[in-house]
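Open the model in your viewer and keep the sequence panel beside it.

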Amino acid sequence: MSQSRRSLGIRDRQVLYRNANSRCENPKCRKKIEFDEMQVGHKTAWSRGGGTTIKNSACLCYRCNKLQGTDSWTVFMKKQGIEDPKVKVKAALERLTVPQLKLLAAKHNVRVAGRVEEGFLSSRQLAPTKRQYINTLASVVTLEDLRS
Ligand SMILES: [Zn+2]
């Protein structure tokens with residue numbers, strides 16, 4: 001079998017359907033659907049490197065699958081006005097200064113690694129950039145943490 005197959009096998013489809021409790025996984029829909037009605041949506045499009053895995057798939061009804069089109073799951077949610085909580089966390093982190101981000105990382109025991117610069121005689125690790133702090137912290141902290 002080809003490694004880059006585009007659709008899930010029957011067993012994976014059954015697992016996907018069961019995990020979704022026989023409902024369309026679009027939070028704005030949640031329609032109960034029959035197994036034969038299920039459309040397999042991709043969280044990240046296959047054409048953009050999204051794998052053919054259960055984790056990258058969504059159980060959708062016909063209408064929602066059409067609605068998603070070629071959008072990624074994140075874009076699909078955004079278009080329906082559903083915000084990814086991570087987007088809000090990132091925006092909140094953006095407003096902090098680097099020393100504040102550094103403090104936050106220490107508080108959560110997160111190590112943010114800076115880029116390693118190769119020198120002529122030795123290499124040294126550069127201090128992490130603001131972007132690196134934000135990207136690392138966004139998956140660790142919640143909006144609640146940032147309020148305190
Ligand atoms: Zn639906």
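Select Asn109, in the loop between α5 and β3 (116-118). The model is predicted. Asn109 has 7 C-beta neighbours inside 10 Å, so it counts as exposed. Check its backbone too: phi of Asn109 is near 55°, a positive value in a residue other than glycine.

Now go to Asn21. Its place is in the loop between α1 (10-19) and β1. Is Asn21 buried or exposed? Asn21 is exposed, because 10 other C-beta atoms lie within 10 Å and the cut-off for exposed is 12 or fewer.

**The largest core**

Next, select Leu16, Cys24, Ile33, Met38, Ala58, Cys59, Leu60, Cys61, Cys64, Trp73 and Phe76. These eleven residues form the largest nonpolar core. Which elements give two or more residues to this core? They are β2 (57-60) and α3 (73-79). Strand β2 supplies the largest share, three residues. In soluble globular proteins, nonpolar side chains tend to be buried together.

Stay on Phe76. Leaving aside neighbours within four places in sequence, Phe76 is in contact with Gln68 and Asp71.

Then click Val75, which lies in helix α3. Val75 counts as partly exposed, because it has 13 C-beta neighbours inside 10 Å. Draw a distance from Val75 to Arg111: their C-alpha atoms are separated by 30 Å, and the two residues are 36 apart along the chain.

**A tryptophan in a loop**

Select Trp46, found in the loop between β1 (39-42) and β2. Trp46 has 15 C-beta neighbours inside 10 Å and therefore counts as partly exposed. Which residues does Trp46 contact, leaving aside its neighbours within four places in sequence? Show Arg6 and Thr52: both are in contact with Trp46. Trp46 and Phe35 are eleven residues apart along the chain, and their C-alpha atoms are separated by 22 Å.

**Helix against helix**

Show helix α4 (residues 85-94) and helix α6 (residues 130-138). They pack at an angle of about 145°, with axes 10 Å apart. The crossing of α4 past α6 is right-handed. On the α4 side, select Lys86, Val89, Lys90, Leu93 and Glu94. On the α6 side, select Ile134, Leu137 and Ala138, which they meet. By class, this contact of α4 with α6 has five nonpolar, no polar and three charged residues.

Keep α6 and bring in helix α5 (residues 98-107). The angle between α5 and α6 is about 35°, and their axes are 10 Å apart. Here α5 passes α6 in a left-handed crossing. Val98, Leu101, Leu104 and Ala105 of α5 make the contact with Lys130, Tyr133 and Leu137 of α6. The contact of α5 with α6 divides into six nonpolar, no polar and one charged residues.

Notes:
Residues numbered from 1 in each chain as written. Predicted model: local features only at pLDDT ≥ 70, side-chain atom pairs only at ≥ 80, totals over all residues. Core = buried A, V, L, I, M, F, W, Y, C linked by C-beta atoms within 7 Å. Buried ≥ 20, exposed ≤ 12 C-beta atoms within 10 Å, placed from the backbone. Helix = DSSP H or I, 4+ residues; strand = E, 2+ residues; numbered from the N terminus. Contact = placed C-beta atoms within 7 Å. Axes fitted to C-alpha atoms, helices over the stretch in contact; angles between N-to-C directions. Left-handed = near helix turned anticlockwise from the far one by under 90°. Nonpolar A, V, L, I, M, F, W, Y, C, P; charged D, E, K, R; others polar.
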